[in-house]
Structure formats: C-alpha cells, structure tokens
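Hi,

Here is the structure I said I would pass on. Have a look at it first, and then read my notes below.

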Amino acid sequence: MKMDCSKEICTPLIARISFHKVLEKLEEIAESDVDYRSDYAKALLRHTGPFPELREGITDLALLEKHKLLIKNLLADLFPTALTHNEIKAAAIPFFNITFNHTERFNKILENAGEDFDIEIRNFDDHQFYVFCCCLILNMYYGYDFDFSRPLFYDIPNAEGIMKHYRILYNADFLEIIPTDKAIKITQEDVDILIDNFDNLELWKEKFPQNSWVSKGFGIISLFDATVESAISNLKSNLLLPHEFKEVIKDDIESIFKSIYKVPDLKIGFTEVNENDQVFTMASFKDITSHILKDCEEMNCNKLFCDSTLKSMMGEKQQLIISDVEVYKANNPDDTRFADRLLEQNIKSCILAPIIKNDKMLGFIELVSSTPKGLNSINAIKLDYILPFLTDTLERYYSELQNEIDAIIQNEYTAIHNSVYWKFREEALAHIKAGNSPDLA
C-alpha cells in the first residue's frame with residue numbers, strides 16, 4: 001500500500017496522531033504499584049519518554065514508521081497478539097485514508113492487493129468527507145448526537161484480482177477534538193441551519209473553516225468481510241438502473257459474480273428458451289453471449305442434450321450443475337455433444353440456472369469457469385440470493401420487448417390472424433435486434 005503524505009486534503013481538521021490517552025492510562029497503572037502491570041507500564045513510559053511527539057501529536061507520517069515498534073507496544077492491549085491473524089484491524093484517523101499498526105491479517109490483505117494499491121473509502125467524495133468531519137466536531141466537542149453514519153466500505157482486490165468488500169467500523173474512544181484560534185463558535189442557530197443544508201458545502205466551510213480544528217489522538221478501525229452482501233447489493237443497484245438489460249455492461253456484472261463466487265476466471269452468459277418449440281436462442285444483450293449455443297444463433301434443445309437431461313432442465317426446471325466437465329463427459333455418454341461444446345470453450349465447470357417468471361421459462365443464466373470444481377453444487381446455492389433480481393430485470397426487459405413488437409406490428413397491420421402472428425413477430429424481432437426500421441410487408 002502506498003500512502004501519499006504530501007497530498008493536500010481540504011478538511012476542517014488538522015490530524016495529529018497522538019497516544020496521549022494511552023500514555024495517561026499507563027501513568028495511572030504505573031502509580032498503582034500493582035505487581036507486573038505497574039512494572040510493565042513504567043517500562044513503556046520510560047521507553048516513550050524521549051519522544052514527546054508520541055504525546056503531543058504526529059503530523060509527519062514518516063514518524064509512524066520510525067516509531068513502529070514503540071507504537072505496537074503502546075497499543076498491545078488494544079491489538080492482542082493472539083488475535084492478530086484473525087482480526088482485520090488497524091489504528092487510523094477517522095475518514096482519512098490513513099491506517100497504521102495493522103494486524104497480521106490486515107497486512108496480508110494489503111500485501112495481496114499489490115504495492116501500487118491505494119486504500120480509499122468507496123464512494124466517499126470530498127464533499128461528504130468535509131461534512132462528516134464537521135459532524136464529528138459537532139458530536140465530540142459540542143455534544144450533539146447527529147447520526148451521520150452510513151455503511152462505509154474498502155474495496156480491496158485479493159492476490160487473484162477478485163475484488164473483496166470490507167465494511168468499516170470506527171472506534172473514536174482515543175480521539176479528542178480541539179478548536180484552534182481559527183475556529184468559529186457554533187450556536188444552536190448555526191446547527192439549525194446546517195441540519196437542513198447538507199448539500200451546501202460552502203456553508204459548512206463558512207462555519208468550519210479549513211484547518212480550524214485539531215483531531216488529536218487516533219481511532220481504531222475494524223473491518224469485516226462483507227463481500228457477498230456488498231456484491232449482491234451492487235448487482236441489485238446495477239440491475240435497477242434505468243437502462244435496458246441488453247445494455248448492462250458485461251464486465252461490471254462479471255466482476256460482481258467473481259466477488260460473490262471467488263472464482264477469478266468466472267464468466268457469465270445467457271441463453272433464451274422457447275419452451276413451445278424446444279429451441280435455444282441467442283439473446284440480443286450487449287457483450288453477453290451464450291455458452292450453450294457457442295457460435296450458433298439457435299438450436300433445437302434435443303440436438304445438445306439427451307432426453308433425461310432435457311426433462312430435468314426444461315420439464316422440472318432444475319439447474320444443471322457440472323463441477324468437472326471431463327468427468328461428466330465420461331460418466332454421461334449421452335450428453336457428450338454438450339460436454340464437448342463446453343470443452344471447446346475451455347469450460348471445465350458450470351452452472352446453468354433457469355430464469356422463471358410466473359411459471360414461464362425465459363432462459364438460462366450461465367456461470368462458467370475454466371477451473372474444474374470452481375463451480376459446484378455447494379456454491380451454486382448463492383444463486384438463490386441473486387436470481388430474484390435477475391428474474392425481475394429479465395422479465396421487465398422481455399415485457400418491454402413484447403410491447404415494442406406489438407407496436408411495430410399494429411403500426412403496419414390492424415389485424416393479424418393468430419395462425420400467422422408468429423411470422424410477423426419473428427420479422428419484427430429481427431428488425432429490433434438489427435436496429436432497423438420495420439418492413440413487414
């Protein structure tokens with residue numbers, strides 16, 4: 001992890017990393033003369049004595065490295081050695097992207113992210129940062145109780161490049177807020193105005209000028225791995241955006257699925273199904289292909305799957321989960337055609353899940369990987385949390401598509417007999433996919 005110490009940050013707070021509250025507690029223990037605890041506290045105070053900056057406050061982040069061992073010893077009670085490989089924890093300045101004294105597990109996470117990785121809070125812009133700092137002042141110095149918290153996350157890639165999402169929890173017990181001579185006294189009238197003007201950054205800067213307060217001390221951040229929950233939330237947000245599903249960016253969706261499944265080479269696909277004709281069809285979604293069809297536009301289902309597999313997939317609407325395609329091919333000679341099609345695409349494991357709405361099958365969402373056993377019946381259960389969002393989005397897309405087809409047909413012809421409707425629908429759909437104006441004559 002890189003940390004840019006020279007970067008100018010617009011904030012009402014001057015951050016001074018200080019351990020004065022820890023040192024004050026050690027002084028109490030030293031005076032108690034209670035056996036080993038007193039001796040331990042006296043020894044720590046003796047070692048920290050020559051470095052007044054540990055008490056007065058550090059602004060040069062290079063000193064954190066210089067005093068790394070001393071700081072680790074000072075914070076030993078807050079960072080137990082027995083938990084260092086389990087907890088994801090560090091000392092920090094709240095809302096600033098500055099962390100130190102990491103647990104071993106946190107260190108490992110940062111090492112895997114790579115030397116060029118900069119740790120930053122997700123979707124936390126300069127405006128929010130400034131207002132949050134002001135609210136911290138209002139709460140800690142003036143005694144207000146503004147609930148300005150919202151879920152904060154670090155997005156950190158692992159060694160395989162899969163994005164992991166960590167929820168951030170702050171503890172500010174060892175932090176205090178001190179006004180400087182630039183600080184403006186805040187009145188109740190000021191607070192009444194500010195509470196209705198979150199978006200007015202200039203007003204907040206007027207009441208809390210830049211560098212007019214000091215945050216002295218340090219905070220403690222604890223992270224917990226919320227990758228699956230966060231990824232599902234991101235997927236839901238992505239699918240609810242006001243765009244057509246065919247315009248959903250494949251890379252964004254695949255990245256989310258990789259985070260959920262922890263499979264670096266996971267790819268997604270989709271295949272439409274015509275249940276009446278028992279035909280697989282290539283959907284017209286941007287960059288989302290069909291691994292079932294590979295390079296065909298459509299194909300009869302029975303040309304790929306044997307009767308028993310089709311009965312399970314189409315009749316019983318079950319998922320087809322293959323953890324090892326080569327083993328599956330050897331054990332299921334009747335499905336050799338499909339297994340070979342997968343192997344031609346270097347697919348070694350896959351999950352094909354039916355998308356069903358109101359008992360109508362829309363198609364199969366495809367998760368595939370070149371890693372044998374990467375996708376299997378155990379991690380397939382994660383789809384239970386995802387499919388409802390995909391199903392609703394696809395159902396909305398197909399409903400809008402049908403409306404568009406009907407509008408094109410009705411614009412050309414006022415009445416069409418049911419026996420030939422399919423032909424006009426086919427032509428209208430072809431023109432929609434091609435982006436052309438319809439000519440159904």
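In the largest nonpolar core, which has 68 residues, the members that touch the most others are Phe-19, Phe-95, Phe-208 and Phe-218. The biggest contribution to this core comes from helix 7 (residues 126–140), which puts in 10 residues. There is also another core lying apart from it, with 31 residues, including Leu-239, Phe-257, Leu-362 and Ile-365. As background, nonpolar side chains in soluble globular proteins tend to be buried together.

Before you go further, keep in mind that this is a predicted model.

**The chain as a whole**

The protein chain has 441 residues, and 45% of them are buried. Its secondary structure comes to 16 helices and 14 strands. If you take the contacts with a separation of 6 or more, 67% of them are between residues 24 or more positions apart.

You will find Phe-95 in the loop between strand 2 (88–92) and strand 3 (99–100). Is Phe-95 buried or exposed? Its relative accessibility is 7%, below the 20% cut-off, so Phe-95 counts as buried.

Leaving out residues up to four places away in sequence, Phe-95 touches Ile-121, Phe-124, Phe-129, Phe-132, Cys-133, Leu-136, Phe-148, Leu-152 and Tyr-170.

Then there is the backbone. Most residues other than glycine have a negative phi. Phe-95 is not a glycine, yet its phi is positive, at about 75 degrees. Gln-278 is another non-glycine with a positive phi, of about 55 degrees. Gln-278 sits in the loop between strand 9 (267–274) and strand 10 (279–282). With a relative accessibility of 33%, Gln-278 counts as partly exposed.

**Helix 1 against helix 2**

Next, a helix pair. Helix 1 (residues 20–32) packs on helix 2 (residues 35–48) with the axes 8 Å apart and an angle of about 135 degrees between them. That angle is why helix 1 is described as oblique to helix 2; the cut-off for roughly antiparallel is over 145 degrees. The crossing of helix 1 past helix 2 is left-handed.

Which residues make the contact? From helix 1 they are Leu-23, Leu-26, Glu-27, Ile-29 and Ala-30. From helix 2 they are Arg-37, Ser-38, Ala-41, Lys-42, Leu-44, Leu-45 and Thr-48. Sorted by class, the contact of helix 1 with helix 2 has seven nonpolar, three charged and two polar residues.

**Phe-338 and Ile-292**

Phe-338 is part of helix 14 (residues 336–344). The relative accessible area of Phe-338 is 0%, so Phe-338 is buried. Not counting residues up to four places away in sequence, Phe-338 touches Ile-292, Leu-304, Phe-305, Leu-320, Ile-322 and Leu-352. Take Ile-292 from that list: Phe-338 and Ile-292 are 46 residues apart along the chain, and their C-alpha atoms are separated by 7.7 Å.

- Ser-370 is in the loop between strand 14 (360–369) and helix 15 (383–412). Ser-370 is partly exposed, at 29% relative accessibility. Setting aside neighbours within four places in sequence, Ser-370 is in contact with Asp-265, Asn-346 and Lys-348. Ser-370 and Val-325 are 45 residues apart in sequence, with 9.7 Å in space from C-alpha to C-alpha.
- Asp-173 is in the loop between strand 5 (163–171) and strand 6 (175–179). Asp-173 has a relative accessible area of 54%, so Asp-173 is exposed. The C-alpha atoms of Asp-173 and Lys-21 are separated by 9.1 Å, although the two are 152 residues apart along the chain.
- Asp-295 is in the loop between strand 10 and strand 11 (298–300). Asp-295 counts as exposed, with 61% relative accessibility. Asp-295 and Met-282 are 13 residues apart in sequence and 9.0 Å apart in space, C-alpha to C-alpha.

Cheers

Terms used
Residues are numbered from 1 along each chain as its sequence is written. This is a predicted model: local features need pLDDT of at least 70, side-chain atom pairs count only at pLDDT 80 or more; totals for chains, interfaces and linings use all residues. Side-chain values use heavy atoms; hydrogens and water are left out. A nonpolar core is a set of buried Ala, Val, Leu, Ile, Met, Phe, Trp, Tyr and Cys residues joined through side-chain atoms within 4.5 Å. Buried means under 20% relative accessible area, exposed over 50%, partly exposed in between (1.4 Å probe, protein chains only). Helices (H or I, at least four residues) and strands (E, at least two) are DSSP runs, numbered from the N terminus. Contact means heavy atoms within 4.5 Å. Axes are lines fitted to C-alpha atoms, for helices over the stretch in contact, and angles run from 0 to 180 degrees between N-to-C directions. Angles under 35 degrees count as roughly parallel, over 145 as roughly antiparallel, 65 to 115 as roughly perpendicular and the rest as oblique. A crossing is left-handed if the near helix is turned anticlockwise from the far one by less than a right angle, and right-handed if clockwise. Ala, Val, Leu, Ile, Met, Phe, Trp, Tyr, Cys and Pro count as nonpolar, Asp, Glu, Lys and Arg as charged, and the others, Gly among them, as polar.
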